[in-house]
Structures are given as C-alpha cells and as structure tokens.
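This report describes the surroundings of a ligand and several local features of the backbone. Please consult the sequence and the structure shown here while reading.

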Amino acid sequence: MARGIETKCLHLEEEEGCSSNYGSVSYPIYQTATYAHPSVGKSTGYDYSRLQNPTREHLEKVVATLENGLDALAFSTGMAAITLMMELFSPGDHLIVDADLYGGSIRLFHNVSEKNGITFSSIDCYKEDVESYINENTKAIYIETPTNPMMNVTDIKILGEIAKKHHLLLIVDNTFLSPYFQNPLDLGADIVVHSGTKYLSGHNDTLAGFLVTNRKDISEKLRFLIKTTGSGLAPFDSWLVLRGIKTLGIRMEKSQQNAIIIANWLQGQNAVTKVIYPGLPTHPGHEIMKKQARGFGAMLTFQLESKEFALAILEKVRMIKFAESLGGVETLVTYPTTQTHADVPEEIRERNGITESTLRLSVGIEDVKDLLDELDKVFREIEGELHDQKES
Ligand SMILES: *Cc1c(COP(=O)(O)O)cnc(C)c1O
C-alpha cells in the first residue's frame with residue numbers, strides 16, 4: 001500500500017525492519033572522503049565520496065520517494081543543481097523559460113548559458129501561447145509555479161502535453177511548494193528542481209539542491225555529470241537536510257496556515273495596494289492550484305503604496321527578519337529589487353511587475369498572533385510618521 005507523504009518523510013520503505021547501522025534511527029553521517037577496498041578488483045560499492053556517499057544516497061532516496069521519481073541527485077546548492085542540469089544541453093539548443101523566475105536562474109541563463117551558445121525565449125508561460133515559441137532547436141521548457149516572486153501559476157499538465165508532443169523536456173522548479181504540496185513529475189514534468197536550502201531543509205541552516213527525474217536515460221546522464229563535475233552535497237549537509245525533511249509536513253501546514261491569516265490581514269491595510277497569494281480566491285491561478293497542488297504554500301508578495309513605506313517596513317521589523325531566502329521556520333521579508341532579483345535588468349523586473357514598493361514574505365511557523373502584533377506595530381508607526389511628515 002502506498003504510504004502517505006508524512007510517513008515517507010520519516011521512513012524509507014526499503015529499509016523498514018532492517019537493523020543495519022546498529023539500528024541507528026537517525027541515519028549516520030559517513031564523513032569520509034574515500035573507502036578501503038577488501039582486495040584487488042573488489043569494492044564495497046563505495047570508492048570515493050564524490051562518486052558515492054551513503055548519507056547522500058539515503059537523502060537522495062528519500063527525496064526521490066517524496067517526488068515519486070526514479071532518481072534524485074543531491075547538490076551543494078540549488079544553483080549547482082540547475083547549472084548541472086544545463087549540461088544536458090549543447091551549443092545551438094534553445095529553451096523556453098518563464099520570464100519571472102528566481103533571480104539566480106535568470107542570471108545563470110543569461111550570463112553563463114548564453115555564452116555557451118544556448119538561446120532562450122523568456123515568456124510568461126502562465127498566459128502566453130508557449131507552442132508558438134517552439135522551433136526546430138527547442139529542447140526544453142523551464143518553469144516555476146508559482147513563480148518567484150510574482151506568484152504566477154502555470155498549468156503543469158497542459159505544458160506537459162505540449163512538451164511531450166514536441167519531444168521537449170519539461171523542467172519544473174518546485175522549490176516554492178515542496179513535494180509536500182505539489183509533485184510535477186506526476187503531472188508530466190521530466191525533471192524537478194529544488195533549492196533544498198528552502199522548505200526541504202527548512203531551518204535556514206544549510207544550502208542544498210536537488211534534481212529529480214522519472215526517466216532512466218536522464219538519470220544516467222545526470223549521474224555521469226555529477227560524478228564528473230563534483231557538485232554533490234557533503235555528508236553533514238545531507239544529514240541536516242534529512243533531519244529537516246522529517247518535519248516537512250507539519251512545517252508546511254503550519255506556515256501555510258499562518259500565511260493565509262497574514263494575507264487576509266495585509267488585504268485589510270490601507271497602505272497595501274495588492275496582495276499576491278495563490279491561496280486567495282481572487283488570485284488568477286487559484287483554481288489551477290486547487291487542481292494540481294495539495295496546498296498554496298506560505299510565500300506571498302505584496303505591493304505597498306510607496307517605496308518609502310516598503311523601506312520603512314524593512315527598517316522596523318525585528319522578529320520578522322529582513323533577509324534573503326525562504327522556506328525556513330523563521331518568517332523572512334525580502335526586498336526583491338536589491339536582493340534576490342538585483343541582477344535582473346530593471347526593464348525585465350518592471351515588465352514582471354517587481355517595483356521598489358514590492359516586498360516578499362516567507363511566512364514561518366511562529367505564533368501567528370506575534371507576527372500580526374509586530375506587523376500591526378510596524379504599520380501603525382509608519383503611518384504615524386508619514387502623516388507627521390505631511391503635516392509639517
Ligand atoms: C533559492 C532558490 C534557488 C537557488 O537555490 P540555492 O540553494 O540558493 O542555490 C532556485 N530556485 C528557487 C525558486 C529558489 O527560491
């Protein structure tokens with residue numbers, strides 16, 4: 001019988017009932033660079049940690065199970081995973097990519113991959129006619145859904161059908177929802193990308209990345225590339241991600257619950273001109289999310305009436321941290337213009353709707369009353385100060 005995802009976060013089915021590793025319930029950290037051979041021509045199956053490491057392998061099996069994939073590969077960061085994925089392509093290849101993406105992915109595609117002879121069409125996959133951008137050298141479609149930071153939602157199944165029809169790979173960065181809420185491989189994707197730094201590890205204490213696939217040919221290519229280029233995740237970091245994943249379910253549920261409350265609170269503020277959260281029934285992607293995901297996540301973006309107001313929030317928050325990153329237990333507020341999306345050319349930022357009064361919130365698992373208390377205090381203070389400035 002198929003196990004529920006919360007159980008899969010804790011137990012690898014194939015290891016149930018085995019008492020290897022002295023019955024250790026927490027998987028051991030094999031902090032070794034190399035492995036001794038019993039004799040010439042014999043190997044324990046482990047030769048060198050760039051190629052194989054039991055702790056990393058255990059994590060990879062857990063993540064593959066969570067995404068219903070055949071294989072998962074663990075990398076030192078999310079960007080290391082995406083960089084390696086780009087090695088599947090050759091000079092002359094063309095990719096269709098979402099216009100609104102994590103800033104680091106945009107930087108990689110336009111500053112590194114283009115130099116290597118790969119070309120891109122950056123389009124709004126959630127609303128444009130994707131098929132009309134396909135030409136004879138198009139090899140893949142690369143999306144995020146919801147996108148970072150504008151929370152655009154694309155129908156994965158429809159894109160999967162287009163990709164299949166034209167023999168393209170569909171690659172989905174699933175960082176924002178985690179496998180707890182969404183499984184793109186089940187909807188027709190060929191490769192799933194994760195920044196494991198975010199929800200999977202979940203504690204703002206380590207960097208990690210993943211590629212997951214359900215295709216044997218892709219898995220073999222990626223395995224060859226990771227052992228050759230050497231960007232695999234270190235044993236201790238693998239263990240940290242394993243520990244984080246154990247609580248993925250309760251963290252996702254609690255942070256989503258808090259996010260819904262905060263989204264509604266923000267909607268009631270005079271200074272907030274727009275709240276972009278797919279969990280709100282008014283969000284244009286709400287119905288697609290209900291169809292293809294099991295939740296809406298805990299990321300939300302909002303627009304303030306002015307740049308001044310946005311900056312003042314960043315100055316005044318204390319418990320809520322003004323920091324880059326997302327998906328951890330602590331609530332973080334990010335300023336995309338100067339942080340995650342600083343290297344994205346201004347005209348692209350503007351086209352995507354990221355302005356100097358846009359803030360992004362990664363809602364954590366604090367007592368929501370304390371989050372609301374702080375937000376309320378900060379908003380009232382700023383309103384008072386801006387009012388005083390007008391008077392004088
Ligand atoms: C953070 C992030 C990445 C990059 O991951 P790192 O672990 O920071 O290298 C990629 N995609 C998305 C959606 C992200 O949020």
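A polar contact is a pair of N or O atoms within 3.5 Å; within protein, one atom must be able to donate a hydrogen and the other to accept it. The model discussed here is predicted.

**Aspartate 100**

The side chains of aspartate 100 and threonine 147 are joined by a polar contact of 2.6 Å. The side chain of aspartate 100 also reaches the backbone nitrogen of methionine 150, at 3.0 Å. Aspartate 100 itself belongs to the loop between strand E2 (94-98) and helix H4 (103-113). Although buried, aspartate 100 has no salt bridge. The nearest side chain of opposite charge is that of arginine 351, 7.8 Å away, whereas a salt bridge requires a side-chain nitrogen of Lys or Arg within 4 Å of a carboxyl oxygen of Asp or Glu.

**The ligand site**

There are 13 residues around the ligand, and Met79, Asp173, Ser195, Thr197 and Lys198 come nearest. By class, this shell has 4 nonpolar, 6 polar and 3 charged residues.

| Side chain | Ligand atom | Distance |
|---|---|---|
| Aspartate 173 | nitrogen | 2.7 Å |
| Serine 195 | oxygen | 2.8 Å |
| Threonine 197 | oxygen | 2.6 Å |

Taken alone, the ligand exposes 380 Å², of which the protein buries 93%.

**Backbone features**

Most residues other than glycine have a negative phi, and most peptide bonds are trans. The exceptions described below concern both properties.

The peptide bond from threonine 145 to proline 146 is cis, with omega near -5°. Proline 146 is found in the loop between strand E4 (138-144) and helix H5 (156-165).

Two residues other than glycine have a positive phi: histidine 167, near 55°, and serine 178, near 65°. Histidine 167 lies in the loop between H5 and strand E5 (169-173), while serine 178 lies in helix H6 (residues 178-181).

Is each of these residues buried or exposed? Histidine 167 has a relative accessible area of 71% and is therefore exposed, the cut-off being over 50%. Serine 178 has 1% relative accessibility, so serine 178 counts as buried, for which the value must be under 20%.

How values were computed: Residues numbered from 1 in each chain as written. Predicted model: local features only at pLDDT ≥ 70, side-chain atom pairs only at ≥ 80, totals over all residues. Heavy atoms only, no water. Near = heavy atom within 4 Å. Areas by Shrake-Rupley, 256 points an atom, 1.4 Å probe, with all protein chains shown as cover. Nonpolar A, V, L, I, M, F, W, Y, C, P; charged D, E, K, R; others polar. Helix = DSSP H or I, 4+ residues; strand = E, 2+ residues; numbered from the N terminus. Buried < 20%, exposed > 50% of the residue type's maximum accessible area, 1.4 Å probe, protein only. Lys, Arg positive; Asp, Glu negative; His and termini not counted.
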